[in-house]
Amino acid sequence: MSERSAKSRKPKPTSPPANAIPTSSPNPPPPQSSLVIPMARKSSLLKQALILVLLLLALYAFFTSFLNPDPKVDPPIRIHRLSGDTRVEDPSGFPGKAPPLPAKVFMYELPERFTYGVIREHSAARGGSPVADVSALKYPGHQHMAEWYLFADLNRPESERARAGSPIARVTDPEEADLFFLPVFSSLSLIVNQGRPPGTDPSYSDEGMQDELVKWLEGQAYWKRNNGRDHVIIAQDPNALYRVVDHIKNAILLVSDFGRLKPDQASLVKDVILPYSHRINTYNGDIGIEKRKTLLFFMGNRFRKEGGKIRDLLFQILENEEDVVMKHGAQSRESRRAASQGMHTSKFCLNPAGDTPSACRLFDSIVSLCVPVIISDSIELPFEDVIDYRKIAIFVDTASSLKRGFLVKLLRQVPTERILEYQKEIKEVKRYFEYGDPDGTVNEIWRQISQKLPLIKLMINRDKRIVKRDMSEPDCSCICSNQTGVISTL
């Protein structure tokens, strides 16, 4: 067939099927090539979106599994307990810190004559009748009652102490103990004979009690094991255990101050300063000065020894000042009632040194929301790692306080807003000075003691390797009491 005849022959148009649906569009369908390109592009976008979703899911699974694990399925953490410190080892091998575990305390079962026997003797000296069960006797109230509160706390059920957030746990097996507590009533022992009627022959001897205590203690295997360094002994009254302190000075001593202790016997590093038990009623009102009409209040013994001689000088300077109350009074129920009334209605309360740098009046002031004015250059204060006393008290050096007119002028210049700030801060820390508060003074004392554990371990290990030598002066490689501190005033 020729090329010309092929071109001249055209195909005949065919009719559509009878069942075909007519289209309304006059335009013919697009060519096939125009459909392929959009379809390919759409498929590519779907693949990219799918990959992105899978990547996001993988990242979510990674962060969930490794960086924020489910505690229900997380492998257990191994805890290694060291003395006074707790280290955590997690499965990934990263060491860290965990909340400290309670220090384990073993309390000696002392012979009765060192605990309830002292209460019995105190009662008998005041005409009390003999009792069959001395444990039923009530411990008498006085300003050095920490020994009773610590003893009572360790005799509480362990679950009750744990609920109160105690930083220690009592153990009955001494092999498990970090610390050994000696619950001697050393401060009460000092005042047993003070209540005897004049002319009666005292049958009780505090000195004899001290000698017997040391003899008993030095026979204990756990005392001898580490030379007493892991033992805790309370001597809150400045004169408590004075006769035997050289025999027990390696222990953690719980004291009110260092006024009658030598540098080789006690220090802030080794020992713990305790607050006195306040002897007046706690003020439960709110902050404010509307009902506090007195500028400065003091009630106590005017005549003291040693550093307390400043009291008589302050009386001479202040007793005739306007809005200042200076009263001489000894410990009695009537005096405590008058002191409560005076402190609760005063803006400032004077706290000069006693026979030693500390005195109970400071803690009476705090629970009264009466801003303490502390005049005691060598005072040491309890719990200073958690309490900034400059926020709750005014410190005046002794020399300045004895300048006539200086103290009253200083206090009159304190604005009302500043007094309210002092009161607010006092209210925040008041629980630290309430022995009866479940999370108050007792818990804080145990926390302070527990913090000594690393030092105890250091000293025990050091004692085992150093060469003992004779020295003319004590080897005091520590921070000692405030003897050379900078003197400052408000």
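This is a short walk through one protein model, from its overall numbers to a few individual residues.

The model is a predicted one. The average pLDDT of the protein is 83, and 77% of the residues score at least 70. Two stretches fall below that level of confidence. Over residues 1-39, pLDDT stays under 50, and the model gives that stretch two contacts beyond four places in sequence. Over residues 478-488, pLDDT also stays under 50, but here the model has 19 contacts beyond four places in sequence. Where pLDDT is low, the predicted coordinates should not be read in detail.

Now the overall picture. The protein has 490 residues, and 41% of them are buried. Its secondary structure comes to 17 helices and 14 strands. Of the contacts with a separation of 6 or more, 68% are between residues 24 or more positions apart.

In helix α16, residues 441-450, nine of the ten residues are buried. Among the buried ones are Val 442, Ile 445, Trp 446 and Ile 449. The buried set also includes Asn 443, Glu 444 and Gln 448.

For helix α2, residues 33-67, I will pick out Val 53. Val 53 has a relative accessible area of 44%, so it is partly exposed. Together with Leu 50, Leu 54 and Leu 57, Val 53 makes a nonpolar surface patch of about 390 Å².

On to the loops. His 144 sits in the loop between α3 (116-125) and α4 (146-154). Is His 144 buried or exposed? It is buried, because its relative accessible area is 4%. What surrounds His 144, leaving out residues up to four places away in sequence? The residues it touches are Tyr 139, Ser 187, Gln 236, Asp 237, Pro 238, Ser 256, Tyr 276 and Ser 277. With one of these, Asp 237, the His 144 side chain makes a side-chain to side-chain polar contact of 3.5 Å.

Ser 376 is another loop residue, placed between β13 (371-375) and β14 (394-395). Its relative accessible area is 10%, so Ser 376 is buried. Beyond its neighbours within four places in sequence, Ser 376 is in contact with Ala 353, Pro 357 and Val 396. Between Ser 376 and Gly 354 there are 8.7 Å in space, C-alpha to C-alpha, and the two are 22 residues apart in sequence.

Last, two leucines with a backbone angle to note. Leu 241 has a positive phi of about 55°, although it is not a glycine. Leu 241 is in the loop between β7 (231-234) and α9 (245-248). Its relative accessibility is 2%, so Leu 241 counts as buried.

Leu 369, also not a glycine, has a positive phi of about 55°. Leu 369 belongs to the loop between α12 (361-367) and β13. With a relative accessibility of 1%, Leu 369 counts as buried.

To recap the residues: His 144 is buried, Ser 376 is buried, and Val 53 is partly exposed. That is the end of the walk.

Methods. Residues numbered from 1 in each chain as written. Predicted model: local features only at pLDDT ≥ 70, side-chain atom pairs only at ≥ 80, totals over all residues. Heavy atoms only, no water. Patch = residues over 30% accessible without salt bridge, like charges linked within 9 Å, V, L, I, M, F, W, Y side chains within 5 Å. Areas by Shrake-Rupley, 256 points an atom, 1.4 Å probe, with all protein chains shown as cover. Salt bridge = Lys/Arg side-chain N within 4 Å of Asp/Glu carboxyl O. Helix = DSSP H or I, 4+ residues; strand = E, 2+ residues; numbered from the N terminus. Buried < 20%, exposed > 50% of the residue type's maximum accessible area, 1.4 Å probe, protein only. Contact = heavy atoms within 4.5 Å. pLDDT = per-residue confidence, 0-100. Polar contact = N/O pair within 3.5 Å; in protein donor to acceptor, adjacent residues only side chain to side chain.
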